[in-house]
Structures are given as C-alpha cells and as structure tokens.
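Please open the structure in your viewer and keep the selection tool at hand. The tour goes from one selection to the next and says what can be found at each.

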Amino acid sequence: MNKVMLIGNVGKDPDVRYYDQDQAVAQVSLATTERGYTLQNGTQVPDHTDWHNVIFYRGLAKVVEKYVRKGDKIYVEGRIRYRAYDDKRGMRRMITEIYAENMELLSPRKPAEGNPQPSQTTAANVSNSDMPPF
C-alpha cells in the first residue's frame, strides 16, 4: 500500500458532491512546493511546485466543505491511487489521486470569517476509516 503525507496549499475551494443518503465526496487541488536553492558553484535551482488531486470521503469531506478554502495550508495523510480513463476524443489518460485518510488544518482562522474555527484536534481526529474498498 502506498501511503503519502503531504503539506501544501489548497489551489481552489473544495468541489463537494453528495450521494446516497447524505454521503459526501470532496475534491481539492493541493500544491506542494520544493524550495529552490543555490549550488556551491552559484547556479540557482528554482522552486518546484507539484499539484495533487486529493479526494476526501464522508465525514472528512464534510469537514473539508465546512472549513477548507482556497489558499489554506493543510496536512493530509492518505493512499496514492492511479487510474485510467478515456477522454472525449477516446485517448487513454492516466490520473493520480490521493485518497485522504486524515487531514489537519494548518492555517489559522480569523474570528471575523463566516465559518467558526474548529480546534485542530477536531479536524485532525476526523478520519476516513470507513472509506469505500478499492
């Protein structure tokens, strides 16, 4: 099983969908950045950013819907999954997704915002132990 841990910034507000009896799925684009550096010879190596598709299920998806917004920094633990699909032109496409099992909000919230701030333990303790089988 391929476990991953990521810390990054959310690229856009979560896309949340509901199905069967109030069950939720949320999808987030997460940017992780490897900082640039300078080699001993003076060569500059620039920052490198990767984008990850992160999928949240059920209770964790509802936490994401309520508290996660574009620009927030989050920590995610999950499993990496690869899948293929055929696009509109019939071309085979590969996609990599992270199926989140645990998430922690790392960005502080301002009291004036519309959504109340959860304690970090509340967000961190919500997990997807009841994720669908793969």
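This is a predicted model: local features need pLDDT of at least 70, side-chain atom pairs count only at pLDDT 80 or more; totals for chains, interfaces and linings use all residues.

Residues are numbered from 1 along each chain as its sequence is written, and side-chain values use heavy atoms, with hydrogens and water left out.

Begin by selecting residues 15-19, strand S2, together with residues 23-34, strand S3, which run antiparallel and are joined by five bridges. Strands here are DSSP runs of E with at least two residues, helices are runs of H or I with at least four, and both are numbered from the N terminus; two strands pair if DSSP finds at least two bridges between them. Within this pair, arginine 17 stands opposite valine 25 of S3, and among the three residues between the strands of the hairpin, glutamine 21 has a positive phi near 50°.

Next, select histidine 52, which lies in strand S6 (residues 48-57). Is histidine 52 buried or exposed? Histidine 52 counts as buried because its relative accessibility is 19%, where buried means under 20% relative accessible area, exposed over 50% and partly exposed in between (1.4 Å probe, protein chains only).

Finally, select Phe56, Ile74, Val76 and Met103, which touch the most other members of the largest nonpolar core, a set of 22 residues. Such a core consists of buried Ala, Val, Leu, Ile, Met, Phe, Trp, Tyr and Cys residues joined through side-chain atoms within 4.5 Å. Helix H1 (58-67) is one of the elements that each supply at least two residues of this core, and H1 gives the most, with five residues.
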